[in-house]
Amino acid sequence: MESQQNLLKWVALLLLKSLLFYLINQGIFPSALKFAKVVPIHKGDSLFDVSNYRPISLLPTFSKIFEKLMYSRIIDFINKHNILYNKQFGFQKNMSTEYAVNTVLTNIINCLEKKEQGFCIFLDFAKAFDTVNHEILIKKLEHYGIRGLALKWFKSYLSDRRQCTAIGDTHSDVERIKCGVPQGSVLGPLLFLLYINDIINSSALFKFILFADDTSLFFSHKNNPNVENLLNNELTKVASWLSANKLSLNVGKSKLLILTLCDSTNIIKDINLSINNEKLEIVTMTKYLGVIIDNKLNWNEQIKAINLKLSKGIGLLSKIRHFVPKTVLRSLYYAFINPHIDYNLLNWCLSAETDLNSVNRFMCKVNVG
């Protein structure tokens, strides 16, 4: 009986794959698979600010199977022709936030070793995935060589999509989607990478480091008296690219880190950079991909943040250690403590030995067997 059930499952899967391959080769994405239930996931800060939620699309299982088949075709084509920018570290095999942060740090270290003044600008996109223009995306896919039936399939995939928002048992009305790529889909991240890929052509001056929509710009110089005008002109070009591609920035959340071995107090007063007539905030430290980077690379704030998280995690284990077995404590350790140690360790471990010792002291308190 069991062998018959396995045979039926195998035949059903074979028929499904054959059907999906047929539809791909006809350039069709079924309308029934275009419906998404969107669940807002809180990212942090105020619960009452809608910008602090990430919309995740819950899609039909068959839709994801369908997308995986097309993804495998497209990613092979992209890799074969080296289409994606080599400093794009998001949503790609063998890439991670660690590589992106390390690239930023390498630029900073090289700048300081050469005794240059550096400018690192961290851009904050406003709902980038949700504002992707479908017509522009299709044109970019065609430009990169995705044509014929494959392009027809993507047109079908993007058109006439529908969604509703679900919070608990409450659902909104169903609406048609006019722009954006679904977060939570298989193809959405890849389509966004292709959409933003040519942002690097907006400026020949800046070094771009990308992790999906987390974009940082870097420039350094030794003796350029017109550096403010130079950078503002380049930022205007970047802003023009964003406008042309119907993407927008949260300039108020974008940050400027000025790097120099000298006392930067007077330098900061003299620099005034802006995007769309809105001044960039100059900071001495900022969080990039979960890592706090400061303008002197001393890592003090990063270590403080890690120690605070470790303290909370160890406090949790301490309160329950007499009530649960060690196997549970071990699982909680790997859930609430170890990730804070492992995340981007190869970057922040460059901090001073005294700072690292403070982390070690916390770790010595942990004994889960």
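The model is predicted.

The pockets come first. Rolling a probe the size of a water molecule over the atoms shows where empty space is left. The largest pocket found here has a volume of about 1,300 Å³. Its lining consists of 37 residues. Those that lie nearest the centre of this pocket are K43, R54, D124, D213 and D214. Sorted by class, the lining of the largest pocket contains 15 nonpolar residues, along with eleven polar and eleven charged ones.

Which strands supply at least two residues each to the lining of the largest pocket? They are strand 2 (53-58), strand 3 (117-123), strand 8 (214-221) and strand 13 (285-288). Strand 2 gives the most, with four residues.

The second largest pocket holds about 250 Å³ of space. Its lining is made of 16 residues, and D130, Q163, I177, C179 and G180 are the ones nearest its centre. Two elements give two or more residues to this lining, namely strand 1 (35-42) and strand 2. Side chains of opposite charge can pair when their charged atoms come close. The structure holds four salt bridges, and three of them are described here, beginning with the pair K237 and E234. The closest N and O atoms of K237 and E234 are 3.0 Å apart. Both residues belong to helix 7 (residues 227-244), where they sit three residues apart, about one turn of the helix. K237 is partly exposed, with a relative accessible area of 42%. E234, by contrast, has a relative accessible area of 8% and is buried, because buried means under 20%.

A further salt bridge joins K255 to E281, with 2.5 Å between the closest N and O atoms. K255 is in strand 9 (residues 255-259) and E281 is in strand 12 (residues 281-283), so this pair ties together parts that are 26 residues apart in sequence. E281 has a relative accessibility of 39% and counts as partly exposed.

E301 and K304 also form a salt bridge, and their closest N and O atoms are 3.5 Å apart. Since these two residues are three apart in helix 9 (residues 300-320), about one helical turn separates them.

The last stop is N197. This residue is placed in the loop between helix 6 (188-196) and strand 7 (207-211). Is N197 buried or exposed? Its relative accessibility is 6%, so N197 counts as buried. Leaving aside residues up to four places away in sequence, N197 touches I83, L84, Y85 and Y144.

Note on methods. Residues are numbered from 1 along each chain as its sequence is written. This is a predicted model: local features need pLDDT of at least 70, side-chain atom pairs count only at pLDDT 80 or more; totals for chains, interfaces and linings use all residues. Side-chain values use heavy atoms; hydrogens and water are left out. Buried means under 20% relative accessible area, exposed over 50%, partly exposed in between (1.4 Å probe, protein chains only). Contact means heavy atoms within 4.5 Å. On a 1 Å grid over the protein atoms alone, a cavity is a set of points where a 1.4 Å probe fits but cannot get out, and a pocket is an open set with protein on both sides within 12 Å along at least five of seven lines; lining residues have an atom within 4 Å of a point. Grid points are joined across faces, edges and corners, and a volume is the space filled by probe spheres set on the points. Ala, Val, Leu, Ile, Met, Phe, Trp, Tyr, Cys and Pro count as nonpolar, Asp, Glu, Lys and Arg as charged, and the others, Gly among them, as polar. A salt bridge is a side-chain nitrogen of Lys or Arg within 4 Å of a carboxyl oxygen of Asp or Glu.
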